[in-house]
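Trainee: I have a new model open and would like to go through it with you. Can we take it piece by piece?

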Amino acid sequence: MKLLIERNAQDLSSTAARLVARQVLTQPRSVLALPTGDTPRGMYEVLVGLEQRGLLDLSHVRAFNLDEYLDLPEDDPRSFRSYMVRHLWEQLAAPPADWFIPSSNPADEQGECAAYEEALCRTGGVDLAVLGIGPNGHIGFNEPGTPWALGMHVVTLAEATRHKEAARFGGLANVPRRGISMGIKTIMRCGRIVLLASGEGKAEILARALLGPVTTEVPASVLQLHPWLTVVVDQPAAGALTTP
Ligand code: PGA
């Protein structure tokens, strides 16, 4: 595992974007797994800047989002699909033809999971996955207790996850109760993984994930077993890693 501790969230975003850019420059048809959330927003901004200056071409990548809410219209501004369009795809002069995000409102949920997994399989596998970490240690929407053997699957969101999103949804009652997520099995098969964590609020869970026992109770801890993991954090998130 490689650990990069950046001064602040801005430097974290630049470093994360550099890792993605390097992957795409070396392999323009790369398959990427991409996160949503507050942490990666700056990374997307930097990537858009690189594209606008003609330094990066994302038009050939195949991108798969990690997860999505369920029981929400796809075009709801709070859906992860809307997030990706807003922060990345519509900002690019040449967005990729192939980007995939699970439907937030599929007619057949199991069919949606199978189709997503199959689309991923057809690419030959993810070259680089960028992950965030939830305050409860989730990666994607793999909440504590999720078995590692799952591929794409329907999840019941943990209350901690729903609470975190309550303000965005105008109250806890409006936060979806379910999601759809790439499973740990699929994540662990990604060739390279970059884990991002920003802010003091992530310090304790990050330390548990990286230094504690590998357990389904802290889903991100499974990443300790991944052969190519780079963790990019800012100083506040690294707080519990560096204090004696
Ligand atoms: P955040 O989300 O970047 O908004 O903190 C991370 C996550 O919950 O996976």
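Trainee: Let's start with one residue. Is Asp75 buried or exposed?

Mentor: Keep in mind that this is a predicted model. Asp75 counts as exposed because its relative accessibility is 63%, and exposed means over 50%.

Trainee: Where is Asp75 found?

Mentor: In the loop between E4 and H3.

Trainee: Now H3. Which of its residues are buried?

Mentor: H3 covers residues 80-87, and its buried residues are Phe80, Ser82, Tyr83 and Met84.

Trainee: And what covers them?

Mentor: The cover includes E2, H2, E3 and E4.

Trainee: At what angle do H2 and H3 pack?

Mentor: About 35°, with the two axes 10 Å apart. On the H2 side the contact has Arg41, Tyr44 and Val48, and these meet Tyr83, Met84 and His87 in H3. By class, that contact has 4 nonpolar residues, 1 polar and 1 charged.

Trainee: What about H1 and H2, how are they packed?

Mentor: H1 is residues 9-26 and H2 is residues 41-52; their axes are 8 Å apart and the angle is about 55°. That angle makes H1 oblique to H2. The crossing of H1 past H2 is right-handed.

Trainee: Which residues meet there?

Mentor: From H1 they are Ser13, Ser14, Ala16, Ala17, Val20 and Ala21, and from H2 they are Gly42, Met43, Val46, Leu47 and Leu50. The contact of H1 with H2 counts 8 nonpolar and 3 polar residues, with no charged ones.

Trainee: How many bridges join E2 to E3?

Mentor: There are 4, and the two strands run parallel. One of the pairings puts Leu32 with Ala63 in E3.

Trainee: Are the residues on the two faces of E3 buried or exposed?

Mentor: Buried, on both faces of E3, which is residues 62-65. Arg62 and Phe64 are on one side, and Ala63 and Asn65 are on the other. In a regular strand, side chains alternate between the two faces of the sheet.

Trainee: And the sheet with 3 strands, what is its order?

Mentor: E4-E8-E7, an open sheet with antiparallel pairing. E4 (67-69) and E7 (153-156) are the edge strands, each with a single partner, so one side of each lacks a neighbour in the sheet. The twist there averages 25° from one strand to the next.

Trainee: How many bridges do E7 and E8 pair over?

Mentor: 4, in the antiparallel sense, with E8 spanning residues 178-181. Opposite His153 stands Ser181 in E8. H4, residues 109-123, packs on this sheet and touches E7 and E8. The direction of H4 makes about 125° with that of E7.

Key. Residues numbered from 1 in each chain as written. Predicted model: local features only at pLDDT ≥ 70, side-chain atom pairs only at ≥ 80, totals over all residues. Heavy atoms only, no water. Axes fitted to C-alpha atoms, helices over the stretch in contact; angles between N-to-C directions. Parallel < 35°, antiparallel > 145°, perpendicular 65-115°, else oblique. Left-handed = near helix turned anticlockwise from the far one by under 90°. Contact = heavy atoms within 4.5 Å. Nonpolar A, V, L, I, M, F, W, Y, C, P; charged D, E, K, R; others polar. Buried < 20%, exposed > 50% of the residue type's maximum accessible area, 1.4 Å probe, protein only. Pairing = 2+ DSSP bridges.
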